[in-house]
Amino acid sequence: MKGGEAAAPIAARKGPLENYANNSSPRAPYKGRRYGLRRLLWEVSKVDRVRKCGRVMIGQYVGVRSSPGMGAGFSGLVTCGSIWVCPVCSAKIMAKRSFEIGLALSAWGAKGGDCAFGTFTMRHHKGMRLGDVWDSIGKAWRSLQSGKAYRTWAQRLGLAGVIKVIEVNIGPNGWHVHIHALFLVAGGLDADA
């Protein structure tokens, strides 16, 4: 395969190592589904970088690399880096962000800080468009943070920062957009706080 050429679909290149590797991990069914969805995106996406993700070479060689704690993968292939579109890139990005958040929380705890966790959602139904739900929860979050009650609460707890993640799911009731937030507070928290 020369640089820039599309690779054959993964399903056409199965071999003993791939079969073993895909079945040796408890996450294997999810990994297989992610890769299957990415193969579908190769055909249906209109975004060039998504169509090339994991199948077009960057240079002249493709290699196998391994990172402690992060697993193994291929190098020398285009990655789209889309956390919102690509199921493979999204999983990789989320794994790295989870690790980084863990390090940040460890450092914060070592300084005597504490944290509180909250999930924020809103009513939604099947007829609502994703863009409308997204815009509404964003507006609600900004409104929450600019309100007097939030500012008073933040000052009382010694709020030092917020780590926020937006999660989007789709189900029988349509698009479900919600916010997970870690509130980093100075000192300890009691039940009343």
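On a 1 Å grid over the protein atoms alone, a pocket is an open set of points where a 1.4 Å probe fits, with protein on both sides within 12 Å along at least five of seven lines, and its lining residues have an atom within 4 Å of a point. The model is predicted, so local features need pLDDT of at least 70 and side-chain atom pairs count only at pLDDT 80 or more, while totals for chains, interfaces and linings use all residues. Residues are numbered from 1 along each chain as its sequence is written, and side-chain values use heavy atoms, without hydrogens and water.

The protein chain contains 6 helices and 5 strands, which are DSSP runs (H or I, at least four residues; E, at least two) numbered from the N terminus. Along the sequence they follow the pattern α-α-α-β-β-α-β-α-α-β-β. Of its 193 residues, 21% are buried, that is, under 20% relative accessible area with a 1.4 Å probe and protein chains only.

The second largest pocket holds about 840 Å³ of space, a volume being the space filled by probe spheres set on grid points joined across faces, edges and corners. Its lining comprises 22 residues, with Ile 83, Ser 90, Met 94, Glu 167 and Val 168 nearest the centre. Helix H2 (28-44), helix H4 (87-110) and strand E4 (159-171) each give two or more residues to this lining, and H4 supplies the largest share, 7 residues.

Helix H2 also includes Leu 40. Leu 40 counts as partly exposed because its relative accessibility is 47%, which falls between the 20% limit for buried and the 50% limit for exposed.
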